[in-house]
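This report goes through the packing, strand pairing and ring contacts of one protein model. The sequence and structure come first.

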Amino acid sequence: MKSYIYILNCLIICTSAYSQNLEILYKGKELEINYEGEFNIRYLNLKEFNQLDWQPGFVYYPDGNSRVYEGMKYNLLDGRVAVNAKGTILTLLPGVVSGVSMKSGNVIDHLFVKVDLQKPVFMEVLAAGKIDLLLYRWRLEEKEDIINAVHLRFEKEIEVINYDEKMYVWTKNGVMELKPSKKFILNIMADKTNEIELYLKENKVKMKVPEDMIRLIKYYNGL
């Protein structure tokens, strides 16, 4: 019994430390992500993203508290996060929480934060620092074709759901859609113009390619 209590206490301490190491703070127009551990975040195409399984992780609340869940998964259909709370599946709304993280082992490989557009939405963090690179995916609504008063509709064997995605950046001036132009990049990185111009020239950055933008933002954040 004593060894069981020791193991349980150890797990509580470990999960508590993990949750406290990461902070998602909104300070005026700025987003601040503080984390003492390791990120292993990378861009996943839609097929890879849809193949993700349930992962353990944490939910972060505006008051600074966090809670661990044994299973979490981002649902592309409704743009919400499903969590497994001891066998009960709950849905998290982006207007209620600051963000969620999901991990493999002790490494965070998915981090979603709340972003206020016309309404609060979840965006995945691809790079964090002075500038945060975010990815927003959403479902494209189907438009019904009106033929005439007599309308026959045949259901497809496999429903095809279309999605779109955009990259955003969060700077000290707030969040904005990333425009794939050199002028835009140099404007948001104006304090390091010379270094960024050289980086763009030497690396032939394609600004519509998420992997290229991840490397660029990480480079800038490290200067």
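Is Y136 buried or exposed? Y136 is buried, at a relative accessible area of 15%, because buried means under 20% relative accessible area, exposed over 50% and partly exposed in between (1.4 Å probe, protein chains only). W138, with 22% relative accessibility, counts as partly exposed.

The model is predicted: local features need pLDDT of at least 70, side-chain atom pairs count only at pLDDT 80 or more, and totals for chains, interfaces and linings use all residues. Residues are numbered from 1 along each chain as its sequence is written, and side-chain values use heavy atoms, with hydrogens and water left out.

**Rings and charges**

Rings of Phe, Tyr and Trp (its six-membered ring) pair if their centres lie within 6.5 Å; planes under 30 degrees apart count as stacked, over 60 as edge-to-face and the rest as tilted. There are 8 aromatic pairs in the structure. One of them joins Y136 and W138, a stacked pair with 5.1 Å centre to centre and 25 degrees between the planes. F49, Y74 and F112 are linked by ring pairs into a cluster.

Two charged side chains are listed below; a charge sits over a ring if NZ of Lys or CZ of Arg is within 6 Å of the ring centre and within 35 degrees of the ring normal.

| Charged residue | Ring | Distance from ring centre |
|---|---|---|
| K130 | Y220 | 4.2 Å |
| R137 | F49 | 5.1 Å |

**Strand β8 and its partners**

Helices (H or I, at least four residues) and strands (E, at least two) are DSSP runs, numbered from the N terminus. Two strands pair if DSSP finds at least two bridges between them. Strand β7 (residues 99-104) runs antiparallel to β8, joined by 6 bridges, and M102 stands opposite H110 in β8. The hairpin of these strands has 2 residues between them, and G105 takes a positive phi near 65 degrees there. Strand β9 (residues 120-127) is also antiparallel to β8, through 5 bridges, with K114 opposite F122 in β9. A hairpin of 3 residues joins β8 to β9. In β8 (residues 107-116), 8 of the 10 residues are buried, so the strand is largely enclosed by the rest of the structure.

**Nonpolar cores**

A nonpolar core is a set of buried Ala, Val, Leu, Ile, Met, Phe, Trp, Tyr and Cys residues joined through side-chain atoms within 4.5 Å. The largest has 43 residues, and L133, I185, M189 and M213 have the most contacts inside it. A second, separate core of 17 residues includes L76, L92, V97 and Y163. Leaving aside neighbours within four places in sequence, M213 is in contact (heavy atoms within 4.5 Å) with L133, M167, L178, I185, V205 and M207.
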